[in-house]
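Here is a briefing to read beside the model.

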Amino acid sequence: MNETLTVPDGVEITGDMQPGFAEILTPAALGFVADLHRRFNGSRLELLEGREDMQDALDAGLDPNFDVDTADIRNADWQVRPAPADLTDRRVEITGPVSRKMVINALNSGASMFMADFEDASSPLWENMIHGQINLRDANLRTIEYVHPSKDTVYRLVDKPAVLLVRPRGWHLDEAHMRVDGQPVSASLFDFGLYLWRNHEALMALGSGPYYYLPKLENAQEARLWNLVILHAQSTLGLPLGTVRVTVLIETILASLQLDEILYELRDHICGLNCGRWDYIFSFIKRFARRADKILPDRADVTMTSGFMRAYSRRVIEVCHRRGAHAIGGMAAQIPVKNDEAANTAAFAKVRTDKKREVIDGHDGTWVAHPGMVALAREVFDEYMPGANQIARRTGFVTDAKTLTTPSTGKITKNGVRTNVEVGILYIAAWLNGQGAVPIHHLMEDAATAEISRAQLWQWRVHGAKLDDGTVIDAGLLEDVFAEVDTELRAQLGDEKYATHKIEPATDIMRQMVFDDEFTEFLTLAAYGLIQ
């Protein structure tokens, strides 16, 4: 620890202290995070144990269903607190990492909202996390600048940038570089607490507020813990009830069965739910990994028009609107394609179709992954949603748990296997090098899509799934594909880049995820030790 950093009793910072870090890691801010940790980390750990118990039940054949004990909440008439003025129109939201240039470009993109992502779109290097806090502070102070190292171009914010929302890391993750009373602090509480402490005054001066996206919740109990954290944080800072506002990402299969309950637990602070489609597919595979009757086809065949995915999306809309909350659609992973007009046209057509389906179904907003897709998404929503949102619209859609948990049909192909191996390796390699959002084959890949890749390969291998030509997916077939991909990457990159791009350790991690007897809960948990 750098000796110039003063920390409260019981707090230890082990990460390198770079210029500007002490302005974020002040004794008061660290004390605030430490207080959150001491009050709530025990409950967090108990909830994570509950996830393990549920997984054991699912492995044993449990078919999840709506909770009979919370039927009164689902049946009663109630609504969440209305959204603040600057969260009323959320028609286009862009997401991305918390790097300085990305923050400026996203806020300037013309999107309604920017979700600055400390989680799946950011590699959790210590310097990434603290520089991210610096970048968001500067954005909220309207002082942020970025000087391009080669173009000598200065990037600054426009007069009316997008509204900023922040996604802290999930409940399952630790921040290894801060310890409280000998324990690593929750990454969720670390990201949430530092941002709130440093930015609430500046945000309120802008007429906005501390707005968050909460990731990877499995159930209403985990939402309840977030609500307790928010209540305590507001009280500590002397903020009125409802100052902190959140949107919950519905990106786990079990959470889709508790939408009303999640909204109810956070009703004084929540504004909406988001269809985190890629993590949702990963969650489906993970939770049913031991079930031969729950195997999904190639990732490319699991679309938002697939039965269980469409039911999930429409259910989010209906429940949100009944409760007075926004229903935000999912991420379009396509990005503009340079120097290939046909591929670029195809990418834009896919995004247009996706966004048209969302707005016609009733979504109040949508996500894009690249500034180049903002105008297209806005054009579609402007055409079909002339008002600020569609919250008053009710679809009457009703579904059952069986529909939500029945896998879609489609083929498993050799190319699908190969794509999973290649995308997994390339993403993990980039992640180890500090990148969290990576363009691969004209798609913006993040941790969620890498999780899909390795989870599918594990499940296909364990259950001996068959390719469309009848070939069984076994260890031998996968070894051959790994060897093919490795040979091609060595040839493409050359020995020097192969080493500096960290392809070998990324391949080792990917192989571990695919060939281990036990299914690993999160790839990022297994890989985190390599970047500390």
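A residue counts as buried when its relative accessible area is under 20%, as exposed when that area is over 50%, and as partly exposed in between. Leu273 has a relative accessible area of 0%, so Leu273 is buried. Keep in mind that this is a predicted model. A search of the whole structure finds 44 salt bridges, and the count of aromatic pairs comes to 15.

**Buried positions and contacts across the sequence**

- Leu273 sits in strand β11, which covers residues 270-275.
- Leu273 and Ile328 are 55 residues apart in sequence, yet their C-alpha atoms are 6.2 Å apart in space.
- Val421 belongs to helix α14, residues 414-432.
- The relative accessible area of Val421 is 0%, under the 20% cut-off, so Val421 is buried.
- Between the C-alpha atoms of Val421 and Gln456 the separation is 10.0 Å, and along the chain these two are 35 residues apart.

**Salt bridges**

- Glu119 pairs with Arg167 in a salt bridge, and their closest N and O atoms are 3.5 Å apart.
- Glu119 lies in the loop between β3 (113-117) and α5 (126-141), while Arg167 lies in strand β6 (residues 163-167), so this pair ties together parts that are 48 residues apart in sequence.
- Both Glu119 and Arg167 are buried.
- Arg224 is in helix α7 and Glu265 in helix α8 (residues 259-265), so their bridge ties together parts that are 41 residues apart in sequence.
- Lys355 forms a salt bridge with Glu358, and the closest N and O atoms are 3.5 Å apart.
- Lys355 and Glu358 are 3 residues apart in helix α11 (residues 341-361), so about one helical turn separates them.

**Aromatic rings**

- A pair of aromatic rings is described by the distance of the centres and the angle of the planes.
- Tyr146 and Tyr155 have ring centres 5.8 Å apart and planes at 50°, so the pair counts as tilted.
- Why tilted? Planes under 30 degrees apart would count as stacked and planes over 60 as edge-to-face, and the rest are tilted.
- Tyr146 is partly exposed because its relative accessibility is 22%.
- Tyr155 is buried because its relative accessibility is 19%.
- Elsewhere, ring pairs link a cluster made of Trp171, Phe192, Tyr195, Tyr212 and Trp226.

**Surface patches**

- Which residues make the patch of negative charge on the surface? Glu46, Glu49, Glu52, Asp53, Asp56 and Asp59 gather there.
- Asp53, one of these residues, is in helix α2, which spans residues 27-59.
- The relative accessible area of Asp53 is 54%, so Asp53 counts as exposed.
- Leu228, Leu231 and Leu241 make a nonpolar surface patch of about 240 Å².
- Leu228 lies in helix α7, residues 220-237.
- With a relative accessible area of 42%, Leu228 is partly exposed.

**Backbone angles in loops**

- Arg142 has a phi near 65°, a positive value in a residue other than glycine.
- The place of Arg142 is the loop between α5 and β4 (145-147).
- Arg142 is partly exposed, as its relative accessible area is 39%.
- Asp181 also has a positive phi, near 55°, and is likewise not a glycine.
- Asp181 sits in the loop between β7 (174-180) and β8 (183-186).

Notes. Residues are numbered from 1 along each chain as its sequence is written. This is a predicted model: local features need pLDDT of at least 70, side-chain atom pairs count only at pLDDT 80 or more; totals for chains, interfaces and linings use all residues. Side-chain values use heavy atoms; hydrogens and water are left out. Patches are made of residues with over 30% relative accessible area and no salt bridge: like charges are joined within 9 Å, nonpolar side chains (Val, Leu, Ile, Met, Phe, Trp, Tyr) within 5 Å. Accessible areas come from the Shrake-Rupley method with a 1.4 Å probe; for residues, only the protein chains shown count as cover. A salt bridge is a side-chain nitrogen of Lys or Arg within 4 Å of a carboxyl oxygen of Asp or Glu. Lys and Arg count as positive and Asp and Glu as negative; His and the chain ends are not counted. The place of a charge is taken as NZ of Lys, CZ of Arg, CG of Asp or CD of Glu. Helices (H or I, at least four residues) and strands (E, at least two) are DSSP runs, numbered from the N terminus. Buried means under 20% relative accessible area, exposed over 50%, partly exposed in between (1.4 Å probe, protein chains only). Rings of Phe, Tyr and Trp (its six-membered ring) pair if their centres lie within 6.5 Å; planes under 30 degrees apart count as stacked, over 60 as edge-to-face and the rest as tilted.
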